[in-house]
Amino acid sequence: MRKVIILFTLIAIALGVSSCQKKQAVCEPTPEVTPVVQEYQPVHHQNNVDLNEVEKYHYFYAPSTEIPKYVSVKYNHSEPYADPILVEYHYQNGDTYTHIISTDFGLWENEYGRLRVVIDEQATVWMQGQTKQGKFHEFVFYGDPSFNGTKIKPNSYYNHPDGVIKYVE
């Protein structure tokens, strides 16, 4: 009988030790895995407009398949050939696309003394001017890709004071 009691005692101790080990294994905290979030890095593209390669009336397609948040045109308002002309498209995700027209191109003034640059709500930019050698150019930069391939009516500067871009249907 003594052997049976010793045997039951050993079994009880073995079960107690194994149940403690199971509790410890369950109770141990598991390390939290934090997901790695990569922050988006905006992309900045540039296009140098080669005045020797473009046509007299040149249309530039939208640089992206998405519609830009806004477009800005930077140029020297007082001296036509002093600084390059920058047409900058800014997108929702921080990307930018810039068309750079060299200092060899200058904008013309309309009959009201304003430079012939028109920007509309569809992020289309229209401008007229000439090179230092006297070669005329009219540029249209589309921001909205739905207008790619669409022509505009000439002389958008007529509707003073700013002008209106009229699309040919």
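1. Which residues of strand 5 are buried on one side, and which on the other? Thr-96, Thr-98 and Ile-100 cover one face and Tyr-97, His-99 and Ile-101 the other, all of them buried, where buried means under 20% relative accessible area, exposed over 50% and partly exposed in between, with a 1.4 Å probe and protein chains only. Since 6 of the 6 residues of strand 5 are buried, the strand is largely enclosed by the rest of the structure.

2. The model is a predicted one, in which local features need pLDDT of at least 70 and side-chain atom pairs count only at pLDDT 80 or more, while totals for chains, interfaces and linings use all residues. Residues are numbered from 1 along each chain as its sequence is written, and side-chain values use heavy atoms, with hydrogens and water left out.

3. On the sheet: 4 strands form an open sheet of mixed pairing in the order 1-5-4-3, strands being DSSP runs (E, at least two residues) numbered from the N terminus, and two strands being paired if DSSP finds at least two bridges between them. Strand 1 (44–49) and strand 3 stand at the edges with a single partner strand each, so one side of each is left without a neighbour in the sheet. From one strand to the next the twist averages 15°, taken between axes that are lines fitted to C-alpha atoms, with angles running from 0 to 180 degrees between N-to-C directions.

4. On the partners of strand 5: strand 1 pairs with strand 5 in the parallel sense over 6 bridges, and strand 4 pairs with strand 5 in the antiparallel sense over 6 bridges. Thr-98 is the bridge partner of Gln-46 and also stands opposite Glu-88, while Thr-96 stands opposite His-90. Strands 4 and 5 form a hairpin with 5 residues between them, and Gly-94 in the turn has a positive phi of about 100°.

5. On the salt bridge: the structure holds 1 salt bridge, defined as a side-chain nitrogen of Lys or Arg within 4 Å of a carboxyl oxygen of Asp or Glu. Lys-74 and Glu-88 form this contact through their side chains at 3.2 Å, N to O, and the pair links distant parts of the chain, with Lys-74 in strand 3 and Glu-88 in strand 4, 14 residues apart. Lys-74 is partly exposed, at a relative accessible area of 44%, whereas Glu-88 is buried, at 13%.

6. On the nonpolar cores, each a set of buried Ala, Val, Leu, Ile, Met, Phe, Trp, Tyr and Cys residues joined through side-chain atoms within 4.5 Å: the largest has 22 residues, of which Tyr-89, Ile-101, Met-127, Phe-139 and Phe-141 touch the most other members. Among the elements giving two or more residues to this core are strand 5 (96–101), strand 8 (125–131) and strand 9 (136–141), and strand 4 gives the most, with 3 residues. A second, separate core of 9 residues includes Trp-126, Phe-147, Ile-152 and Tyr-167.

7. One backbone angle deserves a comment: Ala-123 has a phi near 65°, a positive value in a residue other than glycine. Ala-123 lies in the loop between strand 7 (117–119) and strand 8, and this residue is buried, with a relative accessible area of 7%.
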